[in-house]
Amino acid sequence: MKRMIIQGGNRLSGEVTIGGAKNSTVALIPAAILADTPVQFDTVPDILDVHNLMIILKSMNVKSEFSHGVLDIDPTQIIEAELPSKAIKSLRASYYFMGALLGRFHRATLTFPGGDNIGPRPIDQHLKAFKALGATVSENNGTVHLEAANGLHGTRIFMDMVSVGATINAILAAVRAEGTTVIENAAREPEIIDLATFLNNMGAKIRGVGTDTIRITGVDTLQSMNTHTIIADRIESGTYLALAAALGDGVMVHNVIPEHLESFTSKMIEMGVNLQIDSDKIYVPKTTSLKPVHVKTMPFPGFATDLQQPLTPLMSLADGDSVIVDTIYPKRVKHVPELQKMGMQIEAHDGTIVVKHTDHLHGANVSAGEIRAGAALTIAGLMAEGTTVINNAGNILRGYDRIVWKLNRLHANVSIEDDSSVKIS
Ligand SMILES: CC(=O)N[C@H]1[C@@H](OP(=O)(O)OP(=O)(O)OC[C@H]2O[C@@H](n3ccc(=O)[nH]c3=O)[C@H](O)[C@@H]2O)O[C@H](CO)[C@@H](O)[C@@H]1O
Ligand SMILES: C=C(OP(=O)(O)O)C(=O)O
């Protein structure tokens, strides 16, 4: 098990550069197996999810190499093989191999994915989309088998709820299907647009991404001609903005797409943070007084569920009660009892989180139950007096690019140890 050790109390200042979006990257890597040529991605975040996806690729004889933010994938010698269930279970997005393998081989067998433990995460809409496209679905002992014996055929799919994962999986399966597929009530997250940009540049015909109706006309081949640069991670951006406002003496956050963060930055401005927003960077000055806010998480462009936790330490500095209602994952409250251990006045009841003004946080031994709970604990640990040990720090490293290095460059004092007490960066 990995632990993050934080010596709290340092004020932060300087510059930080945001990496490529985790939620784009983890869809782009499975999408790469749909190509008939090698593909290359740039600004790839160095996160555990990427390394686990590379293990899954290897099991299919797909070579990949990752160095200095560039990931090369060669799917031209791909074979059908049993996929490693440990790697599949280590992340959520392994379920994108369902759509991608269906698109490539018209069949797929996978164990159920893992990912953050944030309440029930059914995949009924993914399976509904595969069935509509002509696949049969059978489940046995935690394994899903998909088979489209007569190929995949374009169809109309109305999603019962807005789902990022189901929208992406439907695109992956439909992109090489025969005919036209229309996805209605589709998710509109920027990462879906990024995926479609990658596929369209290889010859796919995907129209309407970013709206709730996506039209995909299947093509016979996908061929990559150029490097795909992954969009900036809006959740990592929001995390550093919140951290900078909570304990910064002036922090510049580079490589940000402000349009992807409007629901978040507008809340910070409402709190009284004087953000200076430029075209691709945001400066966070030292904050003096903060007002409480109410947040309701919604599908994009609403306030992201992945950003409610990183905002809680900042909310604890406001001069009143802030309220969070997570409508996407009402049970996503793993950060609450851990933050309480550090002295934060925070409570969760019936799907509502209330954060009260807290004068003093102290270091504690806590656990990152999921990635964004880990982000909240990291910020709280940096604000607290004394030492904080965050157990299960692997959950943080699943999705935060080179976080120890980035934080220490801002003058934090953070390290990661594993069970053998070996320090890693
Ligand atoms: C790898 C990735 O991109 N992960 C993101 C993705 O997760 P993920 O794609 O798993 O989340 P979804 O958008 O699918 O989930 C949205 C809601 O729909 C429900 N649902 C979803 C699918 C389904 O078949 N049935 C169903 O009931 C879920 O339980 C949830 O309440 O979007 C979430 C919501 O923005 C983010 O928190 C995750 O960071
Ligand atoms: C919930 C998240 O990730 P995943 O869907 O990969 O578990 C997240 O990034 O906050």
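Modeller: The space taken by ligand 1 is the largest pocket. A pocket here is an open set of points on a 1 Å grid over the protein atoms alone, with protein on both sides within 12 Å along at least five of seven lines. A molecule sits in one if more than half of its atoms lie within 2 Å of its grid points.

Biologist: What kind of model is this, and how are things numbered?

Modeller: This is a predicted model, where local features need pLDDT of at least 70, side-chain atom pairs count only at pLDDT 80 or more, and totals for chains, interfaces and linings use all residues. Residues are numbered from 1 along each chain as written, chains are lettered from A and ligands numbered from 1 in written order, and side-chain values use heavy atoms, without hydrogens and water.

Biologist: How many residues surround the ligand?

Modeller: There are 21, and Gln-125, Ser-163, Val-164, Asp-306 and Ile-328 are the closest. A residue counts if one of its heavy atoms lies within 4 Å.

Biologist: Which polar side-chain atoms lie 3.1 Å from a ligand oxygen?

Modeller: One belongs to Asn-23 and another to Tyr-329. A backbone N or O atom of Gly-165 lies 2.8 Å from a ligand oxygen. Polar contacts are pairs of N or O atoms within 3.5 Å.

Biologist: Now the backbone. Which peptide bond is cis?

Modeller: The one from Phe-300 to Pro-301, with omega near 10°. Pro-301 is in the loop between β17 (294-297) and α10 (308-315).

Biologist: And what about Asn-255, is phi positive or negative?

Modeller: Phi of Asn-255 is positive, near 60°. Asn-255 is in the loop between β14 (248-254) and α9 (262-271).

Biologist: Why mention those two?

Modeller: Because most residues other than glycine have a negative phi, and most peptide bonds are trans.

Note on methods
A polar contact is a pair of N or O atoms within 3.5 Å; within protein, one must be able to donate a hydrogen and the other to accept it, and residues adjacent in sequence count only if both atoms are side-chain atoms. On a 1 Å grid over the protein atoms alone, a cavity is a set of points where a 1.4 Å probe fits but cannot get out, and a pocket is an open set with protein on both sides within 12 Å along at least five of seven lines; lining residues have an atom within 4 Å of a point. Helices (H or I, at least four residues) and strands (E, at least two) are DSSP runs, numbered from the N terminus.
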